[in-house]
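Hi there,

I am passing the structure on to you below, and after it you will find my notes on what turned up.

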Amino acid sequence: MGKHLVLVGGGHAHLPVLRQLGKMLGLGHRVTLVTPDENHYYSGMGPGMLAGIYTPEQGSFAVARMAERAGAAVALAVATGLDAEAHTLYLSDGSALAYDLISFNLGSRVATDLPDDGSCPVLPVKPIQRLLEARKQLLAMLPEGRKNLVVVGGGASGVELCGALWRLLRDARGHGEITLVGGRRLLADFPERARELALASLAERGIRILEGVRAQRVADQHVLLDDGDELPADLVLLAGGIAPPSLFVESGLAVGDDGGLLVDDTLRSLSYPEIFGGGDCISLHHNPLPKVGVHAVRQGPILAENLLAALEDEPFEQFVPQRMFLRILNLGDGRGLLQRGELVLKGRWAFLLKDWIDRRFMARYQG
């Protein structure tokens with residue numbers, strides 16, 4: 001008798017699984033995809049969609065359609081609870097799904113919680129489609145005159161978002177001041193050379209950079225900082241660090257220090273062998289990884305093979321993380337900032353390389 005596999009989320013690590021659905025179903029198993037949206041938006045192109053470099057269609061995967069075409073069921077809902085003992089997943093529409101195997105690829109959420117009084121839009125940059133909402137709102141504001149735009153978060157995402165906002169303003173012939181609240185230090189986990197190049201790139205375009213301060217709350221169309229200063233704000237984007245969803249902690253599963261589902265090197269939960277996961281929502285036992293897309297992409301084929309192996313009671317493969325990996329930031333002005341280990345380079349060719357890598361990845365799953 002076949003087994004029932006439930007896939008929760010249609011992110012980067014589940015894309016290779018979706019391509020294996022025909023094989024799984026052909027072996028007599030059932031599969032259900034749980035996703036809050038029919039499309040999954042690619043984080044690598046998120047700032048580019050905000051800037052208008054890419055359309056929503058270019059930056060998304062039709063995950064629900066992929067599943068349905070293979071013959072799988074689709075539940076358009078959010079996972080709200082898990083009873084691992086009873087093998088039951090609870091959904092936001094009030095329904096429940098029984099499973100034999102379950103795999104999570106829920107991505108991450110913005111960890112920064114910034115209280116606000118509703119005086120201006122305050123948008124976390126996760127899920128990625130929030131950036132499309134931000135673009136729409138900003139374009140509607142621009143005819144009113146000069147706008148104050150604030151990005152909270154000094155990591156790679158904050159740098160890219162500032163570049164994207166600058167590009168949007170330039171192309172829409174709008175006027176505004178962009179301020180980056182960088183926390184303790186801009187690009188703290190990058191080599192110093194990358195930080196210097198990013199600072200110079202933003203500063204030469206008039207983007208204000210604040211380091212050593214943190215945002216505390218939003219009130220009366222101002223961002224209040226912990227040094228007592230206030231920034232006028234018509235739109236605030238929150239990119240201050242990411243964390244896994246709270247579902248795993250709330251469900252009593254073994255989790256890592258960040259609250260991510262704790263898995264072994266076969267991407268299987270340490271609590272329950274029928275639970276798997278990949279991407280930003282997991283924590284690899286004894287080897288916590290930075291939350292970068294390259295790990296989710298590389299986990300995908302291993303996750304697909306191991307889910308098929310679990311369905312068929314066959315041996316598992318091991319995921320071996322890259323010791324060094326490539327990161328390229330889209331600076332928004334047609335240039336990219338490339339970093340691999342201590343190697344740091346900047347130029348138009350770096351953005352073109354990122355664009356080629358992203359488009360090739362998208363084409364693999366958009367056909």
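Predicted model: local features only at pLDDT ≥ 70, side-chain atom pairs only at ≥ 80, totals over all residues.

Asp 220 counts as exposed, because its relative accessibility is 62% and the cut-off for exposed is over 50%. You will find Asp 220 in the loop between β15 (215-219) and β16 (222-225). Its backbone deserves a look too: Asp 220 has a positive phi of about 55°, although it is not a glycine.

Most residues other than glycine have a negative phi, and most peptide bonds are trans.

Leu 187 is another non-glycine residue with a positive phi, in this case about 50°. It sits in the loop between β13 and α7 (192-203). Leu 187 has a relative accessible area of 1%, so it is buried; the cut-off for buried is under 20%.

Pro 127 belongs to the loop between β11 (122-124) and α5 (129-141).

Next, the hairpins. Strand β6 (residues 79-83) and strand β7 (residues 88-91) run antiparallel and are joined by four bridges. Within this pairing, Asp 83 is opposite Thr 88 of β7. Four residues lie between the two strands of this hairpin, and His 87 in the turn has a positive phi of about 55°. β7 also pairs with strand β8 (residues 96-98), again in the antiparallel sense, over three bridges. There, Tyr 90 faces Ala 96 in β8. The hairpin of β7 and β8 has four residues between its strands as well, and Gly 94 takes a positive phi near 90°.

Now for the aromatic rings. A pair of aromatic rings is described by the distance of the centres and the angle of the planes. The structure holds seven aromatic pairs. One of them is formed by Phe 61 and Phe 361, whose ring centres are 5.7 Å apart and whose planes meet at 85°, so the pair is edge-to-face. The pair links distant parts of the chain, with Phe 61 in strand β4 and Phe 361 in helix α10, 300 residues apart. Phe 61 counts as buried because its relative accessibility is 1%, and Phe 361 counts as buried at 7%. Ring pairs also link Tyr 42, Phe 61, Phe 361 and Tyr 365 into a cluster.

Phe 61 and Tyr 365 come up again in the second largest pocket, which has a volume of about 380 Å³. This pocket is lined by 20 residues, and the closest to its centre are Phe 61, Ala 62, Arg 65, Met 66 and Tyr 365. Two or more lining residues come from each of β4 (60-61), α4 (63-70), β5 (73-76) and α10 (348-366). Which element gives the largest share of the lining? That is α4, with five residues. By type, the lining divides into nine nonpolar, four polar and seven charged residues.

Thr 179 counts as buried because its relative accessibility is 5%. Leaving aside residues up to four places away in sequence, Thr 179 touches Leu 149, Val 150, Val 151, Arg 208, Leu 210 and Leu 231.

Enjoy exploring!

Best wishes

Definitions and conventions
Residues numbered from 1 in each chain as written. Heavy atoms only, no water. Pairing = 2+ DSSP bridges. Buried < 20%, exposed > 50% of the residue type's maximum accessible area, 1.4 Å probe, protein only. Contact = heavy atoms within 4.5 Å. 1 Å grid on protein atoms, 1.4 Å probe; cavity = no way out; pocket = protein on both sides within 12 Å on 5 of 7 lines; lining within 4 Å. Points joined across faces, edges and corners; volume = space filled by probe spheres on them. Nonpolar A, V, L, I, M, F, W, Y, C, P; charged D, E, K, R; others polar. Phe/Tyr/Trp six-rings, centres within 6.5 Å; stacked < 30°, edge-to-face > 60°.
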